[in-house]
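This report describes a protein model from its overall fold down to individual side-chain contacts. The sequence and the structure are shown first, and the description follows.

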Amino acid sequence: SHWPIQRVGAGQGGPMMTPRQRCRRLRAGTHRYAGRMSENNAASATGQAVVPGAMDPYRQFLSDLLGVVAYGELSAFERMSSDARFSPSLRDRAALGRLAVREYENFERVTAHLESMGVHAEGAMPPFQASVDAFHDRTRPGDWYESLMKFYVTDAISDDFYAALGSLLDSESSQLIASLQETGSEAAGEVLFVRLQESLKDDPR
């Protein structure tokens, strides 16, 4: 779950938005589309005619949101799997391998939800591929321990992002977003935090 959000074709050539700016934009968009959806539901309940295609803006927004989430999860799986090979111990390799598997399971859940909407994941992800890849290229870690720190920070940002958006979506999408957040001692953030603490004790530098 590690990604910036910037749709290709929207604001190209300008500076990349920070995670906080992207979150604000998506939250504003979600409020706007959720309001339209509520108005449509109210119109249906009172027998008023609903404008054909009135749900399309929210559906497009949700497709974009899940498209970038899906690619972020797939990218995280690939990078964790790759970095696991350079782990200093078999224990670390196994731990990163387990986290990578979870990222891929998240990817499959998100793509399944897209498919249930009638949206092909292969079409929803590409608009965000260049932006996500550029983010990772610009934050390339210098060693294995820096990669752990990057995973830890981006995981925390992703969880905050999910928490901010989840309650604003329709119930099924909200449940999906909630399922991507982990809690407890086996959560990715907690596993990475403990391992980083251990590495700092071994070498404070």
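A residue is called buried when its relative accessible area is under 20%, exposed when that area is over 50%, and partly exposed in between. Glutamate 198, with a relative accessible area of 28%, is therefore partly exposed. The model is a predicted one, and the values below were computed from it.

**Overall fold**

The protein contains eight helices and zero strands, so that its pattern along the sequence reads α-α-α-α-α-α-α-α. Of its 205 residues, 42% are buried, and its accessible surface amounts to about 11,300 Å², with 54% belonging to carbon and sulfur atoms. Among the contacts with a separation of 6 or more, 76% are between residues 24 or more positions apart.

**Nonpolar cores and surface patch**

In soluble globular proteins, nonpolar side chains tend to be buried together. Here the largest nonpolar core has 27 residues, of which Leu62, Leu65, Leu66, Val69, Val110, Leu114 and Leu169 touch the most other members. At least two residues of this core come from each of helix 2 (56-84), helix 3 (90-116), helix 4 (121-124), helix 5 (126-138), helix 6 (144-166) and helix 7 (171-179), and helix 2 supplies the largest share, 10 residues. A second, separate core comprises 11 residues, including Leu99, Trp144, Leu148 and Phe151.

On the surface, Met149, Val153 and Ile157 form a nonpolar patch with about 230 Å² of accessible area together. Valine 153 belongs to helix 6 and is partly exposed at 38% relative accessibility.

Arginine 85, in the loop between helix 2 and helix 3, is exposed, with a relative accessible area of 55%, and its C-alpha is separated by 9.7 Å from that of tryptophan 144, 59 residues away along the chain.

**Aromatic pairs**

The structure holds six aromatic pairs. One of them joins tryptophan 144 and tyrosine 145 in an edge-to-face arrangement, with 5.1 Å centre to centre and 85 degrees between the planes. Tryptophan 144 is buried, at a relative accessible area of 9%, whereas tyrosine 145 is partly exposed, at 36%. Phe77, Tyr104 and Phe107 form one aromatic cluster.

**Salt bridges**

The count of salt bridges comes to four, and the table lists three pairs among them.

| Pair | N to O distance |
|---|---|
| Arginine 91 and glutamate 198 | 3.1 Å |
| Arginine 195 and aspartate 92 | 2.6 Å |
| Aspartate 137 and arginine 140 | 3.2 Å |

Aspartate 137 is partly exposed at 44% relative accessibility, while arginine 140 is exposed at 58%. Salt bridges that share partners join Arg91, Asp92, Arg195 and Glu198 into one network.

Notes. Residues numbered from 1 in each chain as written. Predicted model: local features only at pLDDT ≥ 70, side-chain atom pairs only at ≥ 80, totals over all residues. Heavy atoms only, no water. Helix = DSSP H or I, 4+ residues; strand = E, 2+ residues; numbered from the N terminus. Buried < 20%, exposed > 50% of the residue type's maximum accessible area, 1.4 Å probe, protein only. Contact = heavy atoms within 4.5 Å. Areas by Shrake-Rupley, 256 points an atom, 1.4 Å probe, with all protein chains shown as cover. Phe/Tyr/Trp six-rings, centres within 6.5 Å; stacked < 30°, edge-to-face > 60°. Core = buried A, V, L, I, M, F, W, Y, C linked by side-chain atoms within 4.5 Å. Patch = residues over 30% accessible without salt bridge, like charges linked within 9 Å, V, L, I, M, F, W, Y side chains within 5 Å. Salt bridge = Lys/Arg side-chain N within 4 Å of Asp/Glu carboxyl O.
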